[in-house]
Amino acid sequence: MTLAEGDQLAPRAFQVTRADLVRYAGASGDFNPIHWSDRVATSVGLPGVVAHGMYTFALASRAVAGWVSSTSDIVSVTGRFTRPVVVPDDDAGAALEVAGTVASVADGLATIALTVSHEGRQVLGGASAVVRC
């Protein structure tokens, strides 16, 4: 894989549904009701059921995996949670987009600045990935 500083990587789109949250809860063991109950989520000040932060992070990592030749080329993926992804109780769910721009290339490693957004607003701050190139 050849990357150059300034390269724009094709955005990846993901739909997050309530069914995805149920599956993720089972896989991760995180059964916090803010991820499945509107009543509980709104009672703690959230606008509704929200996706697990680590599920959102996993989707960002999946986008990175799609940009590289092999998952073994991924050195690290970092970021912090800045905004929840609200997942409506319908079949469409919530749209999440992950875009990347190569920020730098040095010594066989590329740093990719990630933009992870929902409804046009970033949900991960300071997100980046380092990949072998």
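Biologist: How is the expected span of a helix worked out?
Modeller: The expected span is 1.5 Å times one less than the number of residues in the helix, where helices (H or I, at least four residues) and strands (E, at least two) are DSSP runs, numbered from the N terminus. This is a predicted model, in which local features need pLDDT of at least 70 and side-chain atom pairs count only at pLDDT 80 or more, while totals for chains, interfaces and linings use all residues. Residues are numbered from 1 along each chain as its sequence is written, and side-chain values use heavy atoms, leaving out hydrogens and water.

Biologist: What does that give for H3?
Modeller: The 15 residues of H3 should span 21 Å at 1.5 Å a residue, which agrees with its end C-alpha atoms being 22 Å apart.

Biologist: Which residues of H3 are buried?
Modeller: With buried meaning under 20% relative accessible area (1.4 Å probe, protein chains only), they are Tyr55, Thr56, Phe57, Leu59, Ala60, Ala63, Val64 and Trp67. Tyr55 has a relative accessible area of 12%.

Biologist: New topic: how many aromatic pairs are there?
Modeller: There is 1, where rings of Phe, Tyr and Trp (its six-membered ring) pair if their centres lie within 6.5 Å, and planes under 30 degrees apart count as stacked, over 60 as edge-to-face and the rest as tilted. The rings of Tyr24 and Tyr55 have centres 5.2 Å apart and planes at 50°, so this pair is tilted.

Biologist: Where do those two sit?
Modeller: Tyr24 is in helix H1 (residues 18-28) and Tyr55 in helix H3 (residues 53-67), so the pair ties together parts 31 residues apart in sequence.

How values were computed. Buried < 20%, exposed > 50% of the residue type's maximum accessible area, 1.4 Å probe, protein only.
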